[in-house]
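This report covers one protein chain.

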Amino acid sequence: MPSNKSVSDAPIVQFTNCRILRDHQLQREDLWVREGKILNPEKLFFDEKGSADVQLDCKDSIIAPGFIDVQINGGFGVDFSLATDDFRSGIDLVSQKILSHGVTSFCPTLVTSPPSVYHQVLPQISVRNGGAHGAGILGAHLEGPFISKEKKGAHPEHCLRTFEAGAFQDLLATYGSLDCVQIVTLAPEMRRSSEVIQELTKRGICVSLGHSVANLSQAEEAVQHGATFITHLFNAMLPFHHRDPGIVGLLTSDKIPAGRRVFYGMISDGIHTNPAALRIAHRAHPKGLVLVTDAIAGMGLAPGRHTLGQQVVEIDGLNTYIAGTKTLSGSVATMDTCVRHFQEATGCSVETALEAASLHPAQLLGIEHKKGTLNYDSDADFLMLNDNLYVQATYIAGEEVWRQDASGM
């Protein structure tokens, strides 16, 4: 058999003295990486007769897949729903800063905006791999403007739209382009939403139900037409009612097409959902839970006034409100904080908490063959964490891109 050098000259790194999250369990194994991918050591030993070029002692850390945030509106003073001249440098700043939260891939999210904003901003978002420059961009999440006036939350009412005749063309005209779009949140009770859901799904775009007054049968119909996600469960939707549980009822619906799974986002920041609500959702449908931050421009900044698209918001501790009201408007929570709060609130295992921020969002987007796991041949995007789930180091494509220094920064 050839030596490993004839297969590839790239160095092989062996991470030792660690517990790896693989197959839903923390396993005491080494992690092998080459050319940005997780390597199968058996193939290396037996087929290539190869060995590690570098060994790194992980000092008993947990190694878990990098976190994937599919709903983040901005952070560090950057608002993805504002069309600015330096939009690209803003997105670069956020992608760099969230490495310290363990996020290795994300979907920049735009809240309801005028068409001119979509036309200016979307061409500036491009899907790209992560690296030392920051977390990878998986595509945009467009939350609105095709949502319910009654459940608009922090979305500006004057920008909301309905589907007219030629609904999909209307959506295209509003957004300008779907080239870099990964997720669209809409209200499924809107007339003509079914044809839009089918068209988006046909193009490989994930349709999420949210900011909606849909009843359960409308939500089930949307899922039958291709919708697969629920935007921040419990927030901006009808509250659970025993005679018609609304969108929440999808968690235990018996009308989901065979072989399909409905996923649902939850903002596990201790503000948006009571821990009991988090527990109810998790116990009802654990494999569908996807942790999202729904973070706004004020994340990482001092309390005070900041923006969310067309609105001014006020940050008071961990609470964020539309200025002058008590309407919640996104969060300032970081993904690692959400993971820790979720584990504490539900009493779930460490593995379950970590997978809600990695495996599940990857499955939602259909990229679990390369992200969200530490399976052989998947991308070597992973974290080192301590037993309390604080991130110690972040790796993308096998390269260290962030490490907590000795001073705890």
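Contact means heavy atoms within 4.5 Å.

## Basis of the model

This is a predicted model: local features need pLDDT of at least 70, side-chain atom pairs count only at pLDDT 80 or more, and totals for chains, interfaces and linings use all residues. Residues are numbered from 1 along each chain as its sequence is written, and side-chain values use heavy atoms, with hydrogens and water left out.

## Overall build

The protein chain has 11 helices and 22 strands. Helices (H or I, at least four residues) and strands (E, at least two) are DSSP runs, numbered from the N terminus. The radius of gyration is 21 Å, close to the 22 Å that the globule rule gives for 409 residues, so the chain is as compact as a globular protein of that length. That radius is taken over C-alpha atoms, and the globule rule is 2.2 Å times the number of residues to the power 0.38. The C-alpha trace spans about 65 × 45 × 40 Å along its principal axes.

Of the 409 residues, 58% are buried. Buried means under 20% relative accessible area, exposed over 50%, and partly exposed in between (1.4 Å probe, protein chains only). Take the contacts between residues at least 6 apart in sequence: 69% of them join residues at least 24 apart.

## Surface and charge

The protein chain exposes about 16,500 Å², and carbon and sulfur atoms supply 49% of that area. Accessible areas come from the Shrake-Rupley method with a 1.4 Å probe; for residues, only the protein chains shown count as cover.

There are 33 positive and 45 negative charges, and their mean positions are 3 Å apart. Lys and Arg count as positive, Asp and Glu as negative; His and the chain ends are not counted. Each charge is placed at NZ of Lys, CZ of Arg, CG of Asp or CD of Glu.

In helix H7 (residues 216-224), the buried residues are Leu 216, Ala 219, Glu 220, Ala 222 and Val 223. Seen down the axis of H7, they fall within an arc of 155 degrees, so they line one face of the helix. The arc is that of the directions from the helix axis to the C-beta atoms. An α-helix has 3.6 residues a turn, so residues three or four places apart point the same way. The buried residues of H7 pack against helix H6 (193-202) and strand S13 (206-209). Just after H7, Gly 226 takes a positive phi of about 130 degrees.

In H6, Ser 193, Val 196, Ile 197 and Leu 200 are buried. They cover an arc of only 100 degrees around the axis, which puts them on the same side of H6. Their packing partners are H5, strand S12 (181-186), S13 and H7. After H6 comes Gly 204, with a positive phi near 75 degrees.

## The loop between S13 and H7

His 211 lies in the loop between S13 and H7. Its phi is positive, about 45 degrees, although it is not a glycine. His 211 is buried, with a relative accessible area of 3%.

Ser 212 is found in the loop between S13 and H7. Ser 212 is buried, at a relative accessible area of 1%. Leaving aside neighbours within four places in sequence, its contacts include Ser 148, Lys 151, Glu 189 and Ile 247. The C-alpha atoms of Ser 212 and Asn 235 are separated by 9.6 Å, with the two residues 23 apart along the chain.

## A buried strand residue

Which residues does Ile 267 contact, leaving aside its neighbours within four places in sequence? They are His 232, Asn 235, His 272, Thr 273, Val 292, Thr 293, Asp 294 and Ser 331. Ile 267 sits in strand S15 (residues 263-267). Its relative accessible area is 1%, so Ile 267 is buried. The C-alpha atoms of Ile 267 and Ala 333 are separated by 8.5 Å; the residues are 66 apart along the chain.

## Other loops

Lys 49 is in the loop between helix H2 (41-47) and strand S5 (54-65). Its phi is near 55 degrees, a positive value in a residue other than glycine. Lys 49 is exposed, with a relative accessible area of 53%. Gly 347, in the loop between helix H9 (335-346) and helix H10 (350-356), is exposed at 62% relative accessible area.

A cis peptide bond joins Gly 144 and Pro 145, with omega about 5 degrees. Pro 145 is found in the loop between strand S11 (140-143) and helix H5 (167-175).
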